[in-house]
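Hi everyone, thanks for coming. I'd like to walk you through one chain today, so please have a look at the screen.

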Amino acid sequence: MKKFALFIVLSLCLFSLQGCGSAEVPVNITIPAGSTEEFVFSDEEICPFKNQITITSGEGLGDTEVILHPVECKEENAYEPAYLTPGMAVKMDVEKDAWFKIGVSVQNPTDEDIVISVNVKDAHVRIA
């Protein structure tokens, strides 16, 4: 009976951990007041734990281009911008276990900073 109870507990633990690695995490990007830069990058960095990540639009973000800027990588790869629109995901091939900043092509002609976000699936996030 003890073995059966242990089996049930371990099974429940495995099932509860099954989706932990693929949760979406938000990455905030502050667009400075008066910014006309082509791309503005996040202060937070992401580290993919697979060779592909999925990015979706988050709060306050409309149609834009999104790009990755390598921070700590073993391989030299060029990352091209991808078009991102609300409701549609962008899958990007990346170097596993490297660190990147995410950039968006958003301008801010106003006098106040704007904070937008993107959601990233299959990556860890750290504050730079």
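Let me start with a term: a residue is buried under 20% relative accessible area, exposed over 50%, and partly exposed in between, using a 1.4 Å probe and protein chains only. By that rule, 36% of the 128 residues of the chain count as buried.

A word on where this comes from. This is a predicted model, so to speak with care: local features need pLDDT of at least 70, side-chain atom pairs count only at pLDDT 80 or more, and totals for chains, interfaces and linings use all residues. Residues are numbered from 1 along each chain as its sequence is written, and side-chain values use heavy atoms, with hydrogens and water left out.

Now the layout. Helices (H or I, at least four residues) and strands (E, at least two) are DSSP runs, numbered from the N terminus.

Which residues have the most contacts inside the largest nonpolar core? They are Ile-46, Ile-53, Leu-68, Ile-102, Val-104, Val-118 and Val-120, in a core of 25 residues. By nonpolar core I mean a set of buried Ala, Val, Leu, Ile, Met, Phe, Trp, Tyr and Cys residues joined through side-chain atoms within 4.5 Å. Strands S1 (24-31), S2 (40-48), S3 (52-57), S4 (64-72), S5 (82-84), S6 (90-93), S7 (99-104) and S8 (114-121) each supply at least two residues of this core.

Let's zoom in on Ile-102. Leaving aside neighbours within four places in sequence, Ile-102 is in contact (heavy atoms within 4.5 Å) with residues including Val-27, Phe-41, Ile-46, Leu-68 and Val-118. Across the chain, among contacts between residues at least 6 apart in sequence, 79% join residues at least 24 apart.

On to the rings. Rings of Phe, Tyr and Trp (its six-membered ring) pair if their centres lie within 6.5 Å; planes under 30 degrees apart are stacked, over 60 edge-to-face, and the rest tilted. Tyr-79 and Phe-100 make an edge-to-face pair, at 5.1 Å centre to centre with 80 degrees between the planes. Tyr-79 lies in the loop between S4 and S5 and Phe-100 in strand S7, so the pair ties together parts 21 residues apart in sequence. Phe-100 is buried at 0% relative accessible area, and Tyr-79 is buried at 14%.

Finally, the surface: Pro-109 is in the loop between S7 and S8, and counts as exposed at 76% relative accessibility.
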